[in-house]
Amino acid sequence: MRFNWNYDYIKGSKIAYIFSIILTITGIISILALGLNYAVDFRAGSNVDITVSKAITTEQINPIVNELGVDKGDVHITTGADRVNVRFSNVLDENQESKFKQEFTKLDATASYEVNTVDPEMAKELERNAIYAVLIASIGIMIYVAIRFEWRFGLAAVIALFHDAFVVISVFSIFRLEVDLTFITAVLTIVGFSINDTIVIFDRIRENLRFAKKTSKADLREVVNHSLAQTMTRSLNTTFTVFAASICLFIFGGESIRMFSLAMVIGTLFGAYSSIYIAAPLWLLLKGKQVDKPKVEAKESN
């Protein structure tokens, strides 16, 4: 597959900026108004994961939950062919946990249980550490790119990374999808995938700059468009490969990795999109100011 080297990819960045700004504002509003739908990993409560030998319905579990004396609105029940998950917003004490198992055994005598409990302090610590992980990874990437290339490349790359991560977070907030530890893993994976795609484009831009004239912003624009055309096949092939794998995991994978797979599907698409229409044009915007600056100073001196 060959792409037209004369195509103006930068022209499309204007629409991309508008789209990204609208999406970002929508995400901010959603997060402020609705927040995130945290799993038990990030909020206090008990999570009971049950392996069953036959299908159990929510209607069969509700009476058991009512007998525990907990608010039914704070309980989330997910049923499947061979697995049942019951998430309590409150931490179950030993008596409640024992009673739940005893009553559920009446529905399925061969059921096996896995109970995970997170207290409030641990939930806050996990949430705080997750934020630190994303921030530290982003700062480390910016420092590396700034040293490996220049600070404009580093700044453009990190803005694109934050864009990708925030888009995924926004989608999960808007559609009330569950956020757990595997989601954080997906975000960090998306950051790594996105920076890899961006680095390939930046490296080609740097190589082409060595043999191109850089007397005006139009010259730089031509270099960026030429570099994007050269790397477009590689970017699309890589994106399609990861996207296809993520889709297969989402469709055929287990419940425990479903949100991870969905986050990867979203992040993979936006990672390629941001590398082409956000990171590269943003570098051009920053670099263009440097090229135009001597001309302005020369006019002032005359």
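The model is predicted: local features require pLDDT of at least 70 and side-chain atom pairs count only at pLDDT 80 or more, while totals for chains, interfaces and linings use all residues. Residues are numbered from 1 along each chain as its sequence is written, and side-chain values use heavy atoms, with hydrogens and water left out. Helices (H or I, at least four residues) and strands (E, at least two) are DSSP runs numbered from the N terminus. Ten salt bridges are found in a search of the whole structure, a salt bridge being a side-chain nitrogen of Lys or Arg within 4 Å of a carboxyl oxygen of Asp or Glu.

**Salt bridges**

- Asp49 and Arg83 form a salt bridge in which the closest N and O atoms are 2.8 Å apart. This pair links distant parts of the chain, with Asp49 in strand β2 (residues 45–51) and Arg83 in strand β4, 34 residues apart.
- Asp49 counts as buried at 16% relative accessibility, whereas Arg83 counts as partly exposed at 38%. Here buried means under 20% relative accessible area, exposed over 50%, and partly exposed in between (1.4 Å probe, protein chains only).
- Lys287 is joined to Glu150 by a salt bridge with its closest N and O atoms 3.8 Å apart. Lys287 lies in helix α8 (residues 258–301) and Glu150 in the loop between α4 and α5, so the pair ties together parts that are 137 residues apart in sequence.
- Lys287 is buried, with a relative accessible area of 15%, and Glu150 is buried, with a value of 17%. A network of salt bridges links Glu150, Arg152 and Lys287.
- A further salt bridge is made by the side chains of Arg210 and Glu207, at 3.7 Å from N to O. Arg210 is exposed, with a relative accessible area of 58%, and Glu207 is partly exposed at 28%.

- Asp180 is located in the loop between β6 (178–179) and α6 (181–209).
- Asp180 is buried but has no salt bridge, and the nearest side chain of opposite charge, Arg87, is 8.1 Å away.
- The side chains of Asp180 and Thr182 are joined by a polar contact of 2.6 Å. A polar contact is a pair of N or O atoms within 3.5 Å; within protein, one must be able to donate a hydrogen and the other to accept it, and residues adjacent in sequence count only if both atoms are side-chain atoms.
- Leaving aside residues up to four places away in sequence, Asp180 touches Ala39, Asp41 and Phe42, where contact means heavy atoms within 4.5 Å.

**Helix packing and buried positions**

- In helix α2 (residues 58–67), the buried residues are Ile61, Asn62, Ile64 and Val65. These residues pack against β3 (75–79), β4 (83–88) and α3 (94–105).
- Glu103, found in helix α3, is buried, with a relative accessible area of 17%. Glu103 touches Ile64 and Glu67, not counting residues up to four places away in sequence.
- Val224 is in helix α7 (residues 217–252) and counts as buried at 0% relative accessibility. With residues up to four places away in sequence not counted, Val224 touches Ile10, Ile205, Ala280, Trp283 and Leu284.
- Val224 and Asn37 are 187 residues apart in sequence and 40 Å apart in space, C-alpha to C-alpha.

**Nonpolar surface patch**

- Ile131, Tyr132, Leu135, Ile136, Ile139, Ile143, Ile147 and Phe162 make a nonpolar surface patch of about 820 Å². Patches consist of residues with over 30% relative accessible area and no salt bridge, with like charges joined within 9 Å and nonpolar side chains (Val, Leu, Ile, Met, Phe, Trp, Tyr) within 5 Å. Accessible areas come from the Shrake-Rupley method with a 1.4 Å probe; for residues, only the protein chains shown count as cover.
- Helix α4 (residues 120–148) supplies the largest share of the patch, seven residues. Tyr132, in helix α4, is partly exposed, with a relative accessible area of 44%.

**Positive phi values**

- Gly69 follows α2 and has a positive phi, near 80 degrees.
- Arg176, a residue other than glycine, also has a positive phi, near 55 degrees. Arg176 lies in the loop between α5 (151–174) and β6 and is partly exposed, with a relative accessible area of 34%.

Technical notes:
Lys and Arg count as positive and Asp and Glu as negative; His and the chain ends are not counted.
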